[in-house]
Amino acid sequence: MQENIAPTKANLMAAQAALDFSKKGYELLDKKRNVLIREMMGLMDRAKEMQQKMREIFKDAYEALTMANITLGINEVHEVAKSIPRATEFTVLTHSVMGVEIPKIKYEKHDLEHYYSFYHTNTALDVALQKFHQVKYLLYELAEVEDSVYKLAMEIKRTQKRANALQNIQIPKYEALVKMISEVLEEKEREDFFRLKVLKKKKLRRA
């Protein structure tokens with residue numbers, strides 16, 4: 001490709017401008033990548049804490065649910081479960097981090113409402129429902145965090161790919177082009193200077 005470009009001052013200026021633009025582009029992508037990585041690492045730490053907390057609550061919830069199934073019977077527990085309405089008290093919004101749209105789940109916490117008669121249930125079922133009620137809110141937060149981590153990771157991968165293309169392909173290409181044109185122009189200037197010098201000597205001899 002470089003062989004087809006004439007070694008002129010105009011092409012040298014154009015190549016230098018392209019080189020400067022590529023370097024600035026790489027710097028911006030590198031900064032963006034670092035910001036995204038910091039954001040993702042913070043979210044990953046938060047996700048680990050939430051996952052640990054969820055495991056503990058799930059363990060207590062399933063133990064209480066197992067006891068409720070044993071003491072009340074699976075059918076009775078199933079009927080109570082059917083009476084609980086579906087969760088609809090959340091809204092999924094988004095906000096931008098360096099151009100990446102990541103989710104923000106907005107919700108309000110409410111105390112657990114009992115949709116069943118206490119006459120046909122026991123404490124084990126109450127504990128199980130309370131624990132699963134806590135898990136519901138943790139799931140909102142965990143879904144927000146894990147989806148954010150995934151989207152940030154995908155953008156980091158794309159940014160890294162573009163930065164690598166600039167660093168390993170575009171920048172070296174324009175550096176080589178600038179070097180080639182500069183060397184040709186410098187050689188031409190030396191030849192012109194030598195030629196003028198020779199002509200000047202000839203004129204002086206004739207004089």
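The structure is a predicted model, in which local features need pLDDT of at least 70 and side-chain atom pairs count only at pLDDT 80 or more, whereas totals for chains, interfaces and linings use all residues. Residues are numbered from 1 along each chain as its sequence is written, and side-chain values use heavy atoms, with hydrogens and water left out.

Met 98 is placed in the loop between strand E1 (90-97) and strand E2 (100-107), where helices (H or I, at least four residues) and strands (E, at least two) are DSSP runs numbered from the N terminus. The phi angle of Met 98 is near 55°, a positive value in a residue other than glycine.

Aromatic contacts were considered next. A pair of aromatic rings is described by the distance of the centres and the angle of the planes. Rings of Phe, Tyr and Trp (its six-membered ring) pair if their centres lie within 6.5 Å, and planes under 30 degrees apart count as stacked, over 60 as edge-to-face and the rest as tilted. On these terms the structure holds 7 aromatic pairs. In one of them, the ring centres of Phe 90 and Tyr 140 are 5.0 Å apart and the planes stand at 45°, so the pair is classed as tilted. This pair links distant parts of the chain, with Phe 90 in strand E1 and Tyr 140 in helix H3 (residues 123-206), 50 residues apart. Phe 90 is partly exposed at 34% relative accessibility, while Tyr 140, at 9%, counts as buried. Tyr 107 and Tyr 137 form a stacked aromatic pair, with 5.5 Å from centre to centre and 20° between the planes. Because Tyr 107 lies in strand E2 and Tyr 137 in helix H3, this pair ties together parts that are 30 residues apart in sequence. Tyr 137 has a relative accessibility of 5% and therefore counts as buried. Phe 90, Tyr 107, Tyr 137 and Tyr 140 form one aromatic cluster.

Charged side chains were examined through salt bridges, each defined as a side-chain nitrogen of Lys or Arg within 4 Å of a carboxyl oxygen of Asp or Glu. A search of the whole structure finds 10 salt bridges. Among them, Lys 131 is paired with Asp 60, the closest N and O atoms being 3.9 Å apart, and this pair links distant parts of the chain, Lys 131 in helix H3 and Asp 60 in helix H1, 71 residues apart. Lys 131 is partly exposed with a relative accessible area of 22%, and Asp 60 is partly exposed at 32% relative accessibility.

Lys 151 and Asp 147 meet at 3.4 Å, N to O, and both lie in helix H3, 4 residues apart, about one turn of the helix. Their relative accessible areas are 32% for Lys 151 and 30% for Asp 147. Arg 190 forms a salt bridge with Glu 187, with the closest N and O atoms 2.6 Å apart, and these residues of helix H3 are 3 residues apart, about one turn of the helix. Arg 190 is partly exposed at 48% relative accessibility, and Glu 187 is partly exposed at 36%.

Helix H1 (residues 9-72) contains Met 44, which counts as partly exposed at 31% relative accessibility.

Separations between C-alpha atoms complete the description. The C-alpha atoms of Ala 165 and Tyr 26, 139 residues apart along the chain, are separated by 9.1 Å; Ala 165 is placed in helix H3 and is partly exposed, with a relative accessible area of 30%. Val 80 and Lys 104, by contrast, are 24 residues apart in sequence and 32 Å apart in space, C-alpha to C-alpha. Val 80 lies in helix H2 (residues 74-82) and, at 5% relative accessibility, counts as buried.

Methods:
Buried < 20%, exposed > 50% of the residue type's maximum accessible area, 1.4 Å probe, protein only.
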